[in-house]
Amino acid sequence: MLTDQAGKGVHNDTPGPGQSAQNPLRTGGDLLQLVSPDGERISHPEFDVWVKDVGDEALCSLYEDMTVIRRIDAEATALQRQGELALWPPLLGQEASQIGSSRSLRDDDFVFPSYRESGVAYVRGAHLSEIARVWRGNASYGWDPQRINLATPQIIIGSQSLHATGYAMGVQLDGANTAVLAYFGDGATSEGDVNEAMVFAASYQAPVVFFCQNNHWAISEPVRLQSHVQLADRPTGFGIPSIRVDGNDVLAVMAATRVALDRARSGGGPTFIEAVTYRMGPHTTADDPTRYRDPIELEDWAAKDPILRLRKLLEAKGLLTEDVEARVKAKADAVAAELRSSCIGMADPQPLDVFNHVYSTPNPWIERQKDHYSRYLNSFNESVEEGAL
Amino acid sequence: MSKLTFARAINAGLRKSLENDPKVVLMGEDIGSLGGVFRVTDGLQKDFGKHRVIDSPLAESGIIGTAVGLAYRGYRPVCEIQFDGFIYPAFDQIVSQVAKMHYRTQGRVKMPITIRVPFGGGIGSPEHHSESPEAYFTHTSGLRVVAVSNPQDAYTMIQQAIASDDPVLYFEPKRRYHDKGDVDEAIDLSTALPLDKAAVVNGGSDVTLVAYGPLVKTAKDAAMAAADDGISVEVIDLRSLAPVDYPVVEASVRKTGRLVITHEAGQSGGLGAEIAASITERCFHYLESAPVRITGFDVPYPYSKLEMHHLPDLDRILDGVDRALGRPNSLSGLEG
């Protein structure tokens, strides 16, 4: 399946078996895995049914999306190094977590991301220029949240977990069967807001999925500094069921997310997913992980690379044909080129734009400052004219 | 026209908003069956249901953070923060999310959230129950901040705040909750004085006295007392603290040439400082004397046996009026 950048949510794969199936939840403990790091399909008595519709074509399409977002990530990192982006938060290593989860969503579901979910934005149908412009400094938002049901990147750690819960409370008031999903990381689980979100979600049985990408590092702080128990054990205390899933196994992530979304839609309340993955790159392009991270750890995780794993599965199934490889490469090349050209060709905002949209109605304080600053800027034009005379 | 206490007037306004707009939901601690610790939401859950008058867990950031999500979904949440001093756990959500969302999304996502805050002292409470945190919020771009001073405004302005597409901090003077006043419940909101306008509540010609919230009554009493001494004090009820309705204050100061500002909050970096600076900039040549601030001290809100010393009262305000007029006052002869 090819991505249509103009459309929204073209990637909505058929949901799982629906309400008839059991929701096989676990609390901590075992790591759900459907594909081994060697690319071997591992059968699971409860979760297999949730991905039974994911056939050869869908697997190739997941592979394409993961490859494309890795390419977006590499291109954006390069653009930052070349001074075209002010900053970029890499997602390298988290492709299976982001694609497996976002490909499980429906159009009408609503997503509250952190700042690292550029892969999710791509799947939801954000334009590449929209993904780039926040990090270029050209705007404080990328896409129109209401167009693709994806909130703007959230930089305050964990803040969006409460927004997702509130949105889910609104879904309940509307009597809709929409699900809401919040992304956050391992560091965010220490924030009060994430804990308060779990309290509220449990109290009201809100249709929200807490999707925690445990990438093992909150900038320089290892996950053991945040928690002495597995992150998937924490929601148990709030009365929220959880699934601990191999975040580098796209099929397992998809199964877990579909279970959680199904629970949300069918009145089952909130679910917490801990996707165990690894941030293979720096926190952002301003970070230097060599100061705090053992290179051997990175090597270990490189062996569990999510794309490599899916390639091995596809190879074993005889699906990784030259045709597929060429198609995926062409797509990644095209997306990277579009990202680059749209980024470099982006028009700068105008100086007086700084005053716009603080309020929905005109505000006399801001209008006055805008007027004064406008006069100040114009004074340069006048002095040039005077000098010319 | 009906005679209502301040608390009942807010209750009536909330009721009207709940009736008129199905997207209005109330949320807060103890606002349901209890009706709020000040009974402002009394009876509303019974009449509108638990889904619209929501008792929330004891988590202020959670209340405001979920309100952001509800607003995202198209709702108009009205959040009660139980006491002024309990708002700080929600400060991050208010400042980083509620205030900035419209700007961040360039108007794609609106935050029509009203945050009701009982504020101010004078009720003999323990710590954290008598604070005046309004300046934190007037300093925060993206928020509207109002303080109501009488039952009619309380009734009208709560509805205007809820109808506003921008977030509004709505400060309620808790020591006035039981004061009664005439309320026209049939008032037409479209022709009522807009939310961001100040009101001259006592005409005068010698000194302009600016107050808001609980001190409007004190300021009016002070004006009446001053009149006995032949001093004509014009009292302005600011109503809106962000934005301040400067044209009304300017017009008054151009007439009187003298300005006194009073609030319960501490002086440094307070609203009085901002108003004094702005009025000095805007009408310097009309001023006959330096603006005077009569405020709470720059101390943590004191224990209740001392609060009457902290709170500006009629006599301290009159002393400030004397200072503005160059009449003998408590600081006469003191340089600087």
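How many residues of chain A are in contact with chain B, and how many of chain B with chain A? In this predicted model, 34 residues of chain A are in contact with 32 residues of chain B. The points below take the contact between the chains, then chain B as a whole, then one of its helices.

**Where the chains touch**
- Four helices of chain A each supply at least two residues of the side that touches chain B: H5 (145–148), H6 (159–174), H7 (192–204) and H13 (364–388).
- H6(A) gives the largest share of that side, 11 residues.
- Sorted by class, the side of chain A that touches chain B has 17 nonpolar, 14 polar and 3 charged residues.

**Chain B as a whole**
- Chain B contains 12 helices and 14 strands.
- Its radius of gyration is 20 Å, close to the 20 Å that the globule rule gives for 336 residues, so chain B is as compact as a globular protein of that length.
- The C-alpha trace of chain B spans about 60 × 40 × 40 Å along its principal axes.
- Of the 336 residues in chain B, 55% are buried.
- Among contacts in chain B with a separation of 6 or more, 78% are between residues 24 or more positions apart.

**Helix H1 of chain B**
- H1(B) covers residues 6–20, which is 15 residues.
- From its first C-alpha to its last, H1(B) reaches 21 Å, close to the 21 Å expected at 1.5 Å a residue.
- The buried residues of H1(B) include B:Phe6, B:Ile10, B:Leu14 and B:Leu18.
- B:Arg8, B:Asn11 and B:Ser17 are also among the buried residues of this helix.

Technical notes. Residues are numbered from 1 along each chain as its sequence is written. Chains are lettered from A and ligands numbered from 1 in the order in which they are written. This is a predicted model: local features need pLDDT of at least 70, side-chain atom pairs count only at pLDDT 80 or more; totals for chains, interfaces and linings use all residues. The radius of gyration is taken over C-alpha atoms; the globule rule is 2.2 Å times the number of residues to the power 0.38. A residue is buried if 20 or more other C-beta atoms lie within 10 Å of its own, exposed if 12 or fewer, and partly exposed in between; C-beta atoms are placed from the backbone. Two residues are in contact if their C-beta atoms, placed from the backbone, lie within 7 Å. Ala, Val, Leu, Ile, Met, Phe, Trp, Tyr, Cys and Pro count as nonpolar, Asp, Glu, Lys and Arg as charged, and the others, Gly among them, as polar. The expected span of a helix is 1.5 Å times one less than its number of residues.
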